Amino acid sequence: DFPTARMGASVGALQFTDQDVTGNFVVATADPRFEIRDGLIALKPDMFFDASLAGSTTEIIVQVTDDGIVVDLPIQLNLVANAPWQNRLFNLDVDRSGNVTAFDTLQIVNRLNETGGGGPLSTPRTFLELSMPDVDTNGDGSLTPLDVLLVVNFLNADTEGEADGELVTQLAADSLQPSMSDDESLWLAAFSAIEEEAKKRRL
């Protein structure tokens with residue numbers, strides 16, 4: 001599956017085994033949308049799939065040339081809609097480490113500080129932004145204190161063994177919908193929750 005709205009996103013690594021003695025082969029693609037960088041097929045930095053294409057498929061032809069013989073290898077991609085700044089494997093894993101930890105909350109708080117309190121995130125997500133953390137945990141297209149709270153609530157529930165991630169995320173989203181007048185209280189709640197979480201882990 002390939003996410004829409006991410007400029008320069010990588011399809012994945014290419015792996016080939018050359019059976020002949022020379023071991024020399026060249027991999028390329030003539031597709032104007034893609035390039036091959038360091039063994040990875042990736043969208044060119046200024047390319048992305050529009051979210052309206054989600055649910056459809058596209059094909060890339062990879063050309064492998066070995067001793068003058070050219071073989072075309074078709075690769076099918078399923079295009080899936082996603083929030084450009086959200087980890088589509090697990091929305092609370094902000095740093096894409098495979099685990100949800102207090103460091104994920106720190107990543108969001110740092111971005112909030114860097115941006116002067118958050119706000120709308122860029123869509124599509126540009127090539128230069130791909131390496132940044134997936135800070136939009138609730139998928140609303142904006143960076144807000146609610147993104148921190150969802151992770152903190154999950155960590156608290158996980159520590160106490162009360163609920164699984166999806167349930168905690170939904171409960172937090174349902175109970176903490178922000179409004180213009182709630183911004184200040186959400187900030188205070190977010191940092192209070194982070195402080196409480198840090199105290200628990202020090203005990």
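Q: What makes strand 4 and strand 5 a pair, and how many bridges join them?
A: Two strands pair if DSSP finds at least two bridges between them, and 4 bridges join strand 4 (residues 34-37) to strand 5, running antiparallel, so they count as a pair. This is a predicted model, where local features need pLDDT of at least 70 and side-chain atom pairs count only at pLDDT 80 or more, while totals for chains, interfaces and linings use all residues. Residues are numbered from 1 along each chain as its sequence is written, and side-chain values use heavy atoms, leaving out hydrogens and water.

Q: Which residue stands opposite Arg-37 in strand 5?
A: That is Leu-40. In the hairpin of these strands, with 2 residues between them, Asp-38 takes a positive phi near 50°.

Q: What is the bridge partner of Gly-12 in strand 5?
A: Its partner there is Ile-41. Strand 2 (residues 10-13) and strand 5 (residues 40-43) are joined by 3 bridges and run antiparallel.

Q: Why is one side of strand 1 and of strand 3 left without a neighbour in the sheet?
A: The open sheet of 4 strands has the order 1-7-6-3, with mixed pairing. Strand 1 (2-3) and strand 3 (26-29) stand at its edges, each with a single partner strand, so one side of each has no neighbour in the sheet. Strand 3 pairs with strand 6 (residues 57-66) in the antiparallel sense over 4 bridges, and Val-26 stands opposite Thr-65 in strand 6.

Q: Why is Ile-69 called exposed?
A: Exposed means over 50% relative accessible area (buried is under 20%, partly exposed in between; 1.4 Å probe, protein chains only). Ile-69 has 54%, so the word applies. Its place is in strand 7 (residues 69-80).
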